[in-house]
Amino acid sequence: MAHVHDRPLSPHLQIWRWHVTMLASIAHRASGVALYAGVIGIAIWLLALAHGGEALAAINTLLASLPGMVGLYVLIAAFGYHLCNGLRHLFWDAGKGFKPATANLTAWLALAAGVIGAPVAVYVLRHWG
(Lines give C-alpha, C1' and ligand atoms only; values in the text may rest on other atoms or scores of the structure.)
Protein backbone atom coordinates (compact mmCIF):
# COMPACT_ATOMS: atom_id res chain seq x y z
CA MET A 1 0.00 0.00 0.00
CA ALA A 2 1.40 3.39 -1.04
CA HIS A 3 1.83 6.08 1.51
CA VAL A 4 0.15 9.43 1.02
CA HIS A 5 3.56 11.11 0.83
CA ASP A 6 4.61 8.94 -2.14
CA ARG A 7 1.98 10.42 -4.46
CA PRO A 8 2.93 13.27 -6.79
CA LEU A 9 1.59 16.70 -5.96
CA SER A 10 -0.71 18.46 -8.37
CA PRO A 11 0.91 21.29 -10.32
CA HIS A 12 0.35 24.71 -8.82
CA LEU A 13 1.25 28.30 -9.73
CA GLN A 14 4.89 27.88 -8.65
CA ILE A 15 5.33 25.02 -11.13
CA TRP A 16 3.24 26.12 -14.11
CA ARG A 17 4.84 28.40 -16.69
CA TRP A 18 2.59 31.43 -17.18
CA HIS A 19 0.87 31.71 -20.55
CA VAL A 20 -1.93 33.80 -21.95
CA THR A 21 -4.66 31.18 -21.60
CA MET A 22 -3.86 30.85 -17.90
CA LEU A 23 -4.07 34.63 -17.56
CA ALA A 24 -7.38 34.62 -19.47
CA SER A 25 -8.82 32.00 -17.12
CA ILE A 26 -7.82 33.93 -13.99
CA ALA A 27 -8.99 37.24 -15.51
CA HIS A 28 -12.36 35.67 -16.37
CA ARG A 29 -12.92 34.79 -12.73
CA ALA A 30 -11.71 38.20 -11.55
CA SER A 31 -13.94 40.03 -14.02
CA GLY A 32 -16.90 37.95 -12.83
CA VAL A 33 -16.23 39.07 -9.26
CA ALA A 34 -15.92 42.70 -10.44
CA LEU A 35 -19.23 42.43 -12.30
CA TYR A 36 -20.89 40.97 -9.23
CA ALA A 37 -19.65 43.91 -7.15
CA GLY A 38 -20.78 46.25 -9.92
CA VAL A 39 -24.31 44.86 -9.81
CA ILE A 40 -24.39 45.55 -6.07
CA GLY A 41 -23.17 49.09 -6.78
CA ILE A 42 -25.87 49.60 -9.42
CA ALA A 43 -28.50 48.35 -6.97
CA ILE A 44 -27.28 50.86 -4.36
CA TRP A 45 -27.39 53.63 -6.97
CA LEU A 46 -30.94 52.63 -7.97
CA LEU A 47 -32.02 52.72 -4.33
CA ALA A 48 -30.49 56.19 -3.98
CA LEU A 49 -32.22 57.23 -7.20
CA ALA A 50 -35.56 56.06 -5.82
CA HIS A 51 -34.93 57.84 -2.52
CA GLY A 52 -33.63 61.00 -4.20
CA GLY A 53 -32.30 64.06 -2.41
CA GLU A 54 -29.13 63.75 -0.35
CA ALA A 55 -28.68 60.03 -0.94
CA LEU A 56 -28.59 60.45 -4.71
CA ALA A 57 -26.34 63.50 -4.46
CA ALA A 58 -23.87 61.57 -2.28
CA ILE A 59 -23.73 58.62 -4.69
CA ASN A 60 -23.38 60.89 -7.73
CA THR A 61 -20.58 62.81 -6.00
CA LEU A 62 -18.80 59.53 -5.31
CA LEU A 63 -19.23 58.38 -8.93
CA ALA A 64 -17.89 61.74 -10.23
CA SER A 65 -14.76 61.50 -8.06
CA LEU A 66 -11.53 59.95 -9.31
CA PRO A 67 -12.04 56.65 -7.41
CA GLY A 68 -15.61 56.49 -8.70
CA MET A 69 -14.54 57.07 -12.29
CA VAL A 70 -11.77 54.47 -11.98
CA GLY A 71 -14.30 52.02 -10.57
CA LEU A 72 -16.71 52.65 -13.45
CA TYR A 73 -13.85 52.26 -15.93
CA VAL A 74 -12.84 48.94 -14.37
CA LEU A 75 -16.48 47.83 -14.45
CA ILE A 76 -16.76 48.64 -18.17
CA ALA A 77 -13.45 46.86 -18.90
CA ALA A 78 -14.56 43.83 -16.89
CA PHE A 79 -17.84 43.72 -18.79
CA GLY A 80 -16.15 43.88 -22.20
CA TYR A 81 -13.58 41.26 -21.31
CA HIS A 82 -16.07 38.92 -19.63
CA LEU A 83 -18.43 39.17 -22.60
CA CYS A 84 -15.73 38.38 -25.17
CA ASN A 85 -14.20 35.61 -23.11
CA GLY A 86 -17.68 34.17 -22.55
CA LEU A 87 -18.13 34.03 -26.34
CA ARG A 88 -14.79 32.25 -26.51
CA HIS A 89 -16.11 29.67 -24.05
CA LEU A 90 -19.27 29.23 -26.13
CA PHE A 91 -17.11 28.31 -29.12
CA TRP A 92 -15.27 25.83 -26.91
CA ASP A 93 -18.63 24.32 -25.93
CA ALA A 94 -19.23 23.78 -29.65
CA GLY A 95 -15.86 22.02 -29.93
CA LYS A 96 -14.09 24.88 -31.75
CA GLY A 97 -10.92 26.80 -30.91
CA PHE A 98 -8.99 24.19 -28.94
CA LYS A 99 -5.80 24.32 -31.02
CA PRO A 100 -3.09 26.07 -28.96
CA ALA A 101 -2.53 28.81 -31.54
CA THR A 102 -6.28 29.53 -31.73
CA ALA A 103 -6.69 29.43 -27.96
CA ASN A 104 -3.79 31.86 -27.52
CA LEU A 105 -5.09 34.23 -30.19
CA THR A 106 -8.63 34.32 -28.81
CA ALA A 107 -7.29 34.84 -25.28
CA TRP A 108 -5.28 37.85 -26.48
CA LEU A 109 -8.30 39.19 -28.37
CA ALA A 110 -10.55 38.88 -25.32
CA LEU A 111 -7.97 40.65 -23.14
CA ALA A 112 -7.60 43.38 -25.77
CA ALA A 113 -11.38 43.81 -25.88
CA GLY A 114 -11.39 44.73 -22.20
CA VAL A 115 -8.35 46.97 -22.35
CA ILE A 116 -9.17 48.74 -25.62
CA GLY A 117 -12.95 48.51 -25.45
CA ALA A 118 -13.24 50.33 -22.13
CA PRO A 119 -11.72 53.66 -23.28
CA VAL A 120 -13.76 53.50 -26.48
CA ALA A 121 -16.94 52.90 -24.47
CA VAL A 122 -16.10 55.75 -22.08
CA TYR A 123 -15.44 58.08 -25.02
CA VAL A 124 -18.74 57.15 -26.67
CA LEU A 125 -20.67 57.57 -23.42
CA ARG A 126 -19.10 60.97 -22.67
CA HIS A 127 -19.80 62.32 -26.14
CA TRP A 128 -23.22 60.78 -26.65
CA GLY A 129 -25.84 63.45 -27.22
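**A friendly note on helix packing and pockets**

1. Let's start with a pocket you can find yourself. Met69, Val70, Leu72, Tyr73, Ile76, Val122, Leu125 and Arg126 line the second largest pocket of this predicted model. Its volume is about 230 Å³.

2. By class, the lining of the second largest pocket holds seven nonpolar residues, no polar ones and one charged residue.

3. Helix H3 covers residues 66-93, and helix H4 covers residues 100-126. The axes of H3 and H4 come within 8 Å and cross at roughly 145°. The crossing of H3 with H4 is right-handed. Where these helices touch, 16 of the contact residues are nonpolar, four are polar and one is charged.

4. Next, turn to the largest pocket, which holds about 370 Å³ of space. It is lined by 15 residues, and those closest to the pocket's centre are Gly41, Ile42, Leu63, Leu72 and Leu75.

5. Where does the lining of the largest pocket come from? H1, helix H2 (53-64) and H3 each supply at least two residues. How many residues make up the largest share, the one from H1? Seven residues of the lining come from H1. Sorted by class, the lining of the largest pocket has eleven nonpolar residues, four polar ones and no charged ones.

6. H1 also packs against H3. Helix H1 (residues 20-51) meets H3 at an angle of about 130°, with the axes 9 Å apart. That angle makes H1 oblique to H3. The crossing of H1 with H3 is left-handed. On the H1 side, the contact is made by Thr21, Ala24, Ser25, Ala27, His28, Ser31, Gly32, Ala34, Leu35 and Gly38. On the H3 side, the residues are Leu75, Ala78, Phe79, Tyr81, His82, Asn85, Gly86 and Arg88. Together, the residues of this contact of H1 with H3 divide into eight nonpolar, nine polar and one charged.

7. Finally, follow H1 to H4. Their axes come within 9 Å and cross at roughly 45°, which makes H1 oblique to H4. Is this crossing left-handed or right-handed? The crossing of H1 and H4 is left-handed. The contact uses Val20, Thr21, Leu23, Ala24 and Ala27 of H1, together with Ala103, Asn104, Ala107, Trp108 and Leu111 of H4. By class, this contact of H1 with H4 has eight nonpolar residues, two polar ones and no charged ones.

Notes:
Residues numbered from 1 in each chain as written. Predicted model: local features only at pLDDT ≥ 70, side-chain atom pairs only at ≥ 80, totals over all residues. Heavy atoms only, no water. Axes fitted to C-alpha atoms, helices over the stretch in contact; angles between N-to-C directions. Helix = DSSP H or I, 4+ residues; strand = E, 2+ residues; numbered from the N terminus. Parallel < 35°, antiparallel > 145°, perpendicular 65-115°, else oblique. Left-handed = near helix turned anticlockwise from the far one by under 90°. Contact = heavy atoms within 4.5 Å. Nonpolar A, V, L, I, M, F, W, Y, C, P; charged D, E, K, R; others polar. 1 Å grid on protein atoms, 1.4 Å probe; cavity = no way out; pocket = protein on both sides within 12 Å on 5 of 7 lines; lining within 4 Å. Points joined across faces, edges and corners; volume = space filled by probe spheres on them.
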